[in-house]
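Biologist: I am new to this structure and would like to learn how to read its features. Could we walk through them together?

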Amino acid sequence: MNRIITLLLDLVFQANCKSCGNKMKSDRKVCFCGDCWKAIKTIRDPFCIYCGKQLIIPEEHFCAVCTKRRLSYIDNRSAGIYEGTLKEALHQFKYKGKKSLGKALGDFLSDYIEERGGLDDIDFIIPVPISENKREKREYNQSEILAVLVGQRYNLPVLKDVLFRTKDTAAQFGLRREERFNNVRGVFEVLCSEKIKWASVLLIDDLLTTGATADECSKALLEAGASQIRVFTLARGL
Ligand SMILES: [Zn+2]
Ligand SMILES: [Zn+2]
């Protein structure tokens with residue numbers, strides 16, 4: 001009976017996959033067909049042990065950028081490569097109001113965290129905040145949705161009243177590396193800092209490109225008394 005209902009629903013709501021454009025069958029993930037969803041490229045070894053970027057040569061441990069720098073967080077791990085279906089899914093999730101993709105994306109990130117050994121060393125999860133303005137327009141913070149799902153899976157508290165973004169900045173997209181770091185300087189503020197004193201914090205964001213945003217958040221949390229910051233992101237820019 002369930003199968004018949006599913007088939008009927010598919011006939012009535014035969015939407016097209018946002019990635020390949022084909023008609024979707026019953027195994028779809030919101031607006032993506034099952035085949036495209038399964039084809040999302042998870043980041044596997046070898047990757048840069050510092051920033052999580054996919055590497056090609058197995059003997060290497062750091063990407064070209066990380067051989068020359070250290071940021072304020074311990075490391076970043078990203079679940080998937082920011083291209084194809086994952087890139088489109090993030091676009092739909094952030095800019096097209098497809099809040100319902102949050103569950104599938106949160107599960108994808110949570111599964112990846114499990115693969116990478118879980119979160120035994122973490123006390124709290126904090127999502128990278130968006131400005132009040134953006135929140136009003138978008139009605140939700142995509143990173144907070146991901147953080148809540150990870151928190152549920154790992155039974156960890158998610159702190160939403162600690163880290164704030166005090167102003168909007170120019171979009172990071174299209175800026176050069178140094179410009180990205182300058183662009184976010186000083187835009188994060190910590191309130192209720194007593195909650196994170198000596199705590200090991202996991203910062204969660206949707207996308208990591210240069211690491212500028214995560215670095216700035218991490219600096220603010222460390223200055224407020226956190227003992228260490230790790231980062232997990234849904235996607236890693238190439
Ligand atoms: Zn598809
Ligand atoms: Zn790196």
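Predicted model: local features only at pLDDT ≥ 70, side-chain atom pairs only at ≥ 80, totals over all residues.

Biologist: Are Cys17 and Cys33 buried or exposed?

Modeller: Cys17 and Cys33 are both buried. Cys20 is partly exposed, because its relative accessible area is 34% and buried would need a value under 20%.

Biologist: How many disulfides does the structure hold?

Modeller: The count is zero. Take Cys31, which is in no disulfide: the nearest cysteine sulfur belongs to Cys17 and is 7.8 Å away, whereas a disulfide needs the two sulfur atoms within 2.5 Å. Cys31 is also buried, as its relative accessible area is 5%.

Biologist: And the other zinc ion, ligand 2: what are its protein donors?

Modeller: For the zinc ion (ligand 2) they are the SG atoms of Cys48, Cys51, Cys63 and Cys66, lying 2.2 to 2.4 Å from the ion. The spacing in sequence is C-x2-C-x11-C-x2-C. Cys48 and Cys66 are 18 residues apart, each in the loop between α2 and β1, and this pair links distant parts of the chain.

Biologist: Why does Cys48 count as buried?

Modeller: Cys48 counts as buried because its relative accessibility is 0%. Cys66 is buried too, at 1% relative accessibility.

Biologist: Let us turn to the sheet. In what order do the four strands lie?

Modeller: First, the general idea: strands of a sheet pair through backbone hydrogen bonds, in either a parallel or an antiparallel way. Here, four strands form an open sheet with parallel pairing, and the order to trace is β1-β6-β5-β2. At the edges you will find β1 (76-81) and β2 (124-127), each pairing on one side only. From one strand to the next, the twist averages 20°.

Biologist: How many bridges join β1 to β6?

Modeller: Five bridges join β1 to β6 (residues 228-236), and the two strands run parallel.

Biologist: Which strands does helix α3 touch?

Modeller: Helix α3 (residues 84-95) packs on the sheet and touches β1, β5 (200-208) and β6; its direction makes about 105° with that of β6. Helix α6 (residues 142-154) lies across β2, β5 and β6, and runs at about 130° to β5.

Biologist: One last stop: where does Lys167 lie?

Modeller: Lys167 is in the loop between β3 (163-165) and α7 (177-183). Leaving aside residues up to four places away in sequence, Lys167 touches Ser131 and Val187. Lys134 is 33 residues from Lys167 in sequence, yet the C-alpha to C-alpha separation is 9.8 Å. Lys167 counts as partly exposed because its relative accessibility is 47%.

Technical notes: Residues numbered from 1 in each chain as written. Chains lettered and ligands numbered in written order. Heavy atoms only, no water. Buried < 20%, exposed > 50% of the residue type's maximum accessible area, 1.4 Å probe, protein only. Contact = heavy atoms within 4.5 Å. Pairing = 2+ DSSP bridges. Axes fitted to C-alpha atoms, helices over the stretch in contact; angles between N-to-C directions. Donors = N, O, S within 2.8 Å, 3.2 Å for Na, K, Ca; no water.
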